[in-house]
Every structure is written in C-alpha cells, then in structure tokens.
Amino acid sequence: MSFNIPLPQGMHVEKDEPSDSDPETVELHRQRRAARARKAAGDRASAAAEEEKRAAQAAAEAAQERFLLLLCCADEARVEWTRAHLETLKGPRPSDADARLSMAGELRELARQRFEASELSEAVSIWLCAVHCLDFSSLIT
C-alpha cells in the first residue's frame with residue numbers, strides 16, 4: 001500500500017537517490033554531490049592548515065626563554081653567563097622536551113649536592129641552569 005500525497009504547487013521533495021528516469025535530475029544531483037564533496041575537502045584542508053599553524057606557533061613559543069629572564073631580573077649579562085655555565089656543566093640546552101627534563105633533573109641533583117656542601121653560590125647558579133632547561137612555553141603550566 002502506498003500513499004500519494006500531493007504537494008503544493010512549486011514544492012518538491014529532494015531525494016537522496018535520484019530517479020533514473022530523468023537524466024537532467026540525475027546530472028543535477030551528481031553536480032550537487034560533487035560540490036558538497038569539494039566544500040568538505042576544502043574545509044578539511046583549511047582545518048589542517050590551521051592546526052599546522054597552531055603547532056608551529058606553539059613550537060616557536062616553546063623555544064622562547066621566559067623564566068630565566070624573570071629570575072635574572074632581565075639582566076642580559078646574567079642570562080648569558082647562565083647559558084655559558086650550562087654549556088660548561090652539561091653542554092648546550094637540548095631542544096627535545098624529554099632531554100631537557102632529564103638534564104634539569106641531573107642539574108637539580110648536582111645543585112642539591114653543592115647546597116649540602118655549603119657551596120651556595122654555585123648551587124644557585126646550577127639551579128638557574130636547571131630553570132633554563134625547563135624554560136618551556138606557558139602551555140605546560
């Protein structure tokens with residue numbers, strides 16, 4: 001049993017599958033489907049580009065030093081001395097996050113040993129080197 005409900009004049013129902021009997025309708029439906037697919041692909045591409053842009057911005061932000069400048073009271077000579085001291089102790093600051101955390105842990109232990117030996121100035125210098133290793137972006141807080 002099927003129902004045939006008449007629609008008001010000028011109104012039509014869009015079907016998911018076109019009727020095979022009308023070639024114009026089939027072609028129009030194919031064109032609309034292709035346009036929707038192109039739009040969806042463009043949306044995905046722009047979303048991927050935006051995500052890539054955010055990742056690059058986060059990487060650039062992670063490379064900036066924030067805490068070291070605060071601890072050294074924006075004294076550029078002290079900052080440079082801390083960088084040089086780190087290079088003499090353990091080499092240059094790694095760019096990989098895990099390597100930075102590992103180096104900071106080693107420096108913290110070394111600073112603790114110097115602090116216990118009452119070498120306070122050296123302990124503070126080594127702690128500044130550890131902070132320099134941990135100087136990541138604000139995304140980690």
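Contact here means heavy atoms within 4.5 Å. By that criterion, and leaving aside neighbours within four places in sequence, alanine 130 is in contact with Ala104, Leu107 and Arg108. The model is predicted. This briefing covers the packing of helix H5 (residues 120-133) against H4 and H3, the largest nonpolar core and an aromatic pair.

**H4 and H5**

- The axes of H4 and H5 lie 8 Å apart, and the packing angle is about 170 degrees.
- Angles over 145 degrees count as roughly antiparallel, so H4 and H5 are roughly antiparallel to each other.
- On the H4 side, the contact is made by Arg100, Met103, Ala104, Leu107, Arg108, Leu110, Ala111, Arg112, Arg114 and Phe115.
- These meet Leu120, Glu122, Ala123, Ile126, Trp127, Cys129, Ala130 and Cys133 of H5.
- The contact of H4 with H5 comprises 13 nonpolar and five charged residues, with no polar ones.

**H3 and H5**

- Helix H3 spans residues 76-89 and packs with H5 at an angle of about 90 degrees, the axes being 9 Å apart.
- The range 65 to 115 degrees counts as roughly perpendicular, and H3 and H5 are therefore roughly perpendicular to each other.
- H3 contributes Arg78, Trp81, Thr82, Arg83, His85, Leu86 and Leu89 to the contact.
- H5 contributes Glu122, Ser125, Ile126, Leu128, Cys129, His132 and Cys133.
- By class, the residues of the contact of H3 with H5 are seven nonpolar, four polar and three charged.

**Nonpolar core**

- The largest nonpolar core consists of 10 residues: Leu86, Met103, Ala104, Leu107, Leu110, Ala111, Ile126, Cys129, Ala130 and Cys133.
- H4 and H5 are the elements that give two or more residues to this core.
- H4 supplies the largest share, five residues.

**Aromatic pair**

- The structure contains one aromatic pair.
- Phenylalanine 115 and tryptophan 127 form this pair, with 5.6 Å centre to centre and 45 degrees between the planes, a tilted arrangement.
- The pair links distant parts of the chain, with phenylalanine 115 in helix H4 (residues 97-116) and tryptophan 127 in helix H5, 12 residues apart.
- Phenylalanine 115 counts as partly exposed because its relative accessibility is 45%.
- Tryptophan 127 also counts as partly exposed, because its relative accessibility is 33%.
- Both Phe115 and Trp127 are listed among the residues of the contact of H4 with H5.

How values were computed
Residues are numbered from 1 along each chain as its sequence is written. This is a predicted model: local features need pLDDT of at least 70, side-chain atom pairs count only at pLDDT 80 or more; totals for chains, interfaces and linings use all residues. Side-chain values use heavy atoms; hydrogens and water are left out. Rings of Phe, Tyr and Trp (its six-membered ring) pair if their centres lie within 6.5 Å; planes under 30 degrees apart count as stacked, over 60 as edge-to-face and the rest as tilted. Helices (H or I, at least four residues) and strands (E, at least two) are DSSP runs, numbered from the N terminus. Buried means under 20% relative accessible area, exposed over 50%, partly exposed in between (1.4 Å probe, protein chains only). Axes are lines fitted to C-alpha atoms, for helices over the stretch in contact, and angles run from 0 to 180 degrees between N-to-C directions. Angles under 35 degrees count as roughly parallel, over 145 as roughly antiparallel, 65 to 115 as roughly perpendicular and the rest as oblique. Ala, Val, Leu, Ile, Met, Phe, Trp, Tyr, Cys and Pro count as nonpolar, Asp, Glu, Lys and Arg as charged, and the others, Gly among them, as polar. A nonpolar core is a set of buried Ala, Val, Leu, Ile, Met, Phe, Trp, Tyr and Cys residues joined through side-chain atoms within 4.5 Å.
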